[in-house]
Amino acid sequence: MTQDDDGAPAGVELLPGGLRAAIEAVLMVADEPVAVPRLAEVLEAEPAVVETLLAELRQDYAAHHGFELRELAGGWRVYSKRDFAPVVSRFVLDGATARLSQAALETLAIIAYRQPVSRARIAAIRGVNVDSVVRTLGMRGLVVEEGTDPQSGAVLYRTTPYFLERLGVDSLADLPQLSPHLPGLDDLEHFDDVPF
C-alpha cells in the first residue's frame, strides 16, 4: 500500500488535516479505548505511523487543553483532564449521584483482587448474599462471567476492560497493593480462633 506525505494511504480520501485529524475524529466518538491495530485497520494505515501520530497528539494535548489522550486498558481514548474532575462531575451528574453502594464497592474489590471468583466465594468473604450486587455490577458493565469452576461448576466472575478504564489503569497489575493496608500478624494475636 502506498502512502502520501502524512502517512495516509494513497487513494483514501481524508478531510483536511490528513491522518492525524482522522485519528482525532475516531477517538472523539469512541466509547472505549481503541487499540492501535484497530485504528490502523479502520484508517488503512501502518500501525507504526498511527502510534507515532498518537504520541504526537498526546504531547500536543498536554498543554493548554482541558482534555488529554491516554493509553490504558489496551487502547487509546480522549479524556477530560483530572484537574477538571470537579467541574466535569458537576456537569455530568447535575446533582444526581451515580455512585456504587458500599456493598457494590466491597464486592467489586473482591472480584478485582480474587478473579476469577464465584459468587459463593464472594459471599463467604463478605458474609452476606451477593447475588443482586453481582447482577448490578454486571448490568453496569464492570464484571462479566468468566466460565465455570472445574470442581464445583459455579459460574466465575472477572472485571472488564470498562472497569480498568473507569479506574484509569492499564491492567490489573496497576491496582494498588493490599498488603500495606492489612494488619500485621502481631495485630491479630487476639484472633487465635481465626483460620488462616
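## A buried lysine

The side chain of Lys 81 comes within reach of the backbone oxygen of Tyr 61, at 3.4 Å. The model described here is predicted. Lys 81 lies in the loop that links β2 (75–80) to α4 (85–93).

Although Lys 81 is buried, it has no salt bridge. The nearest side chain of opposite charge belongs to Glu 68, at 5.7 Å; a salt bridge would require a distance within 4 Å. Apart from neighbours within four places in sequence, the residues in contact with Lys 81 are Tyr 61, Ala 62, Ala 63, His 64, His 65, Gly 66, Phe 67 and Glu 68.

In soluble globular proteins, nonpolar side chains tend to be buried together. The largest nonpolar core of this model has 22 residues. Those with the most contacts inside this core are Leu 100, Leu 108, Ile 111, Ile 122, Leu 137, Leu 142 and Phe 163. Two or more residues come from each of α5 (102–114), α7 (131–139) and α8 (161–167), and α5 gives the largest share, five residues.

Leaving out residues up to four places away in sequence, Ile 122 touches Thr 107, Ile 110, Ile 111, Val 117, Val 130 and Val 134. A second, separate core has 19 residues, among them Ile 23, Val 36, Leu 43 and Leu 69.

## An open sheet

Three strands form an open sheet with antiparallel pairing, in the order β3-β5-β4. Its edge strands, β3 (117–118) and β4 (143–148), each pair on one side only.

Between β4 and β5 (residues 155–159), which run antiparallel, there are four bridges. Here Val 144 stands opposite Arg 158 of β5.

Conventions: Residues are numbered from 1 along each chain as its sequence is written. This is a predicted model: local features need pLDDT of at least 70, side-chain atom pairs count only at pLDDT 80 or more; totals for chains, interfaces and linings use all residues. Side-chain values use heavy atoms; hydrogens and water are left out. Buried means under 20% relative accessible area, exposed over 50%, partly exposed in between (1.4 Å probe, protein chains only). Lys and Arg count as positive and Asp and Glu as negative; His and the chain ends are not counted. A polar contact is a pair of N or O atoms within 3.5 Å; within protein, one must be able to donate a hydrogen and the other to accept it, and residues adjacent in sequence count only if both atoms are side-chain atoms. Contact means heavy atoms within 4.5 Å. A nonpolar core is a set of buried Ala, Val, Leu, Ile, Met, Phe, Trp, Tyr and Cys residues joined through side-chain atoms within 4.5 Å. Two strands pair if DSSP finds at least two bridges between them.
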